[in-house]
Amino acid sequence: MSDSFLRSMDLTAMTAQNVQAPRRPGRPSGGTKGTEKREHLLDTALNLFARQGIADTSLNAIAREAGVTPAMLHYYFHNREQLLDVLIEERFLPVRLAAGSVFDANADDPIAAFTQLAQRFIDISTAHPWFAPLWLREVMSDNGVLKQRMDERFGDAQRKAALKSIMRWQAEGKLSADLEPSLLFITLFGMTLLPLATAPKWHRDNNNSHGPQSAEVIARHAIALLSYGLGPQR
C-alpha cells in the first residue's frame with residue numbers, strides 16, 4: 001500500500017475552507033520543513049517502538065535516534081501520551097479503517113474479503129516496515145500499550161461487526177461451519193504479519209533456503225491457503 005493511500009485516508013486532513021482552522025496538538029503551525037520534521041519524528045518513534053516496545057522507549061531515546069534535542073521533540077509532542085494519540089489517529093486509524101472496509105466491499109464474498117485483507121496487511125507492512133513487528137508486539141499482546149490505548153478510544157465495535165459478518169456467512173453456507181470466527185483474524189495475522197516481522201531473521205540465516213524471502217512469496221502463500229486450503233487446486 002502506497003504512502004499516498006494512507007495519506008488519502010488521514011482523517012486529520014483539513015477540508016478546503018476560507019477560514020483557517022486552529023492548529024491541532026502536535027501539528028506545526030506551517031511550513032514544509034516543520035511538517036517534514038514532524039513526520040521524521042513520527043517515523044523514528046514508530047521504528048523504535050517496533051524494535052523495543054512502547055513501554056521501554058522514552059521521549060529522550062526518540063530524540064537521540066532522530067538526531068534532535070529533547071526540547072525539539074517536546075515542541076511537537078508534549079509527552080508520550082500525546083505522541084501515542086497522534087500515532088493512533090494519523091497512522092493506525094487509517095489502517096484500521098482500510099482493514100474494516102474490505103468486509104463492507106465484499107459483503108457477499110467472504111473469500112474475497114479475507115484475501116483482500118491479507119493482501120492489505122502485506123501492502124501496509126511492505127510500505128511501512130515498522131507495522132508488522134509493532135502490531136504483533138503492541139496490538140496482539142493483551143499487555144500492549146498501544147492495544148490498551150486503542151481499545152480505550154475505539155472499543156471493539158469494528159471487531160464485533162466483523163465477527164457478525166463471519167457468522168452470517170457461515171449460516172448462509174458461504175464459509176465453513178468448522179471455522180472458529182474469533183480465530184480467523186489471529187490466523188490471518190499469523191499468515192501475514194508474523195512472517196514479515198521475522199523476515200530479517202530469515203534473511204540472516206543463509207543456511208535456511210525455505211524461509212520467506214519476500215512479501216510477494218508471503219502474500220502468495222497466504223492467499224493460496226485462504227483460497228484452497230491444504231488440498232490441491234481443482
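Q: What share of the contacts in the protein chain with a separation of 6 or more comes from residues 24 or more positions apart?

A: A contact here means heavy atoms within 4.5 Å, and residues 24 or more positions apart account for 65% of the contacts in the protein chain with a separation of 6 or more. The model is predicted, so to speak of local features one needs pLDDT of at least 70, and side-chain atom pairs count only at pLDDT 80 or more, whereas totals for chains, interfaces and linings use all residues. Residues are numbered from 1 along each chain as its sequence is written, and side-chain values use heavy atoms, with hydrogens and water left out.

Q: How many helices and strands does the protein chain have?

A: Helices (H or I, at least four residues) and strands (E, at least two) are DSSP runs, numbered from the N terminus. The protein chain has 12 helices and 0 strands, and from the N terminus on its elements run α-α-α-α-α-α-α-α-α-α-α-α.

Q: Which residues of helix α7 are buried, and which helices do they pack against?

A: In helix α7 (residues 131-138) the buried residues are Phe131, Ala132, Leu134, Trp135 and Glu138. These buried residues of α7 pack against α2 (32-52), α5, α6 (110-127), α8 and α10 (181-197).

Q: At what angle do helix α5 and helix α8 pack, and which residues meet there?

A: Axes are lines fitted to C-alpha atoms, for helices over the stretch in contact, and angles run from 0 to 180 degrees between N-to-C directions. Angles under 35 degrees count as roughly parallel, over 145 as roughly antiparallel, 65 to 115 as roughly perpendicular and the rest as oblique. Helix α5 (residues 80-105) and helix α8 (residues 145-154) pack at an angle of about 75°, with their axes 11 Å apart, and α5 and α8 are therefore roughly perpendicular to each other. Glu81, Leu84, Asp85, Ile88, Glu89, Phe92, Leu93 and Arg96 in α5 meet Val145, Leu146, Arg149, Met150, Arg153 and Phe154 in α8. By class, this contact of α5 with α8 has 8 nonpolar, no polar and 6 charged residues, where Ala, Val, Leu, Ile, Met, Phe, Trp, Tyr, Cys and Pro count as nonpolar, Asp, Glu, Lys and Arg as charged, and the others, Gly among them, as polar.

Q: Is the crossing of α9 and α10 left-handed or right-handed?

A: A crossing is left-handed if the near helix is turned anticlockwise from the far one by less than a right angle, and right-handed if clockwise. The axes of helix α9 (residues 157-171) and α10 come within 9 Å and cross at roughly 110°, which makes α9 roughly perpendicular to α10, and the crossing of α9 and α10 is right-handed. From α9, Arg159, Ala162, Leu163, Ile166, Met167 and Gln170 meet Pro181, Ser182, Leu184 and Phe185 of α10; by class, the contact of α9 with α10 has 7 nonpolar, 2 polar and 1 charged residues.

Q: Is phenylalanine 185 buried or exposed, and which residues does it touch?

A: Phenylalanine 185 lies in helix α10 and, at 14% relative accessibility, counts as buried. Not counting residues up to four places away in sequence, phenylalanine 185 touches Phe103, Phe114, Leu117, Ala162, Leu163 and Ile166. Phenylalanine 185 and leucine 117 are 68 residues apart in sequence and 9.8 Å apart in space, C-alpha to C-alpha.

Q: At what angle do the axes of α10 and α12 cross?

A: The axes of α10 and α12 come within 10 Å and cross at roughly 170°, which makes α10 roughly antiparallel to α12. Leu188, Met191, Thr192, Pro195 and Leu196 of α10 make the contact with Ala215, Ile218, Ala222, Leu225 and Leu226 of α12. By class, the contact of α10 with α12 has 9 nonpolar, 1 polar and no charged residues.

Methods. Buried means under 20% relative accessible area, exposed over 50%, partly exposed in between (1.4 Å probe, protein chains only).
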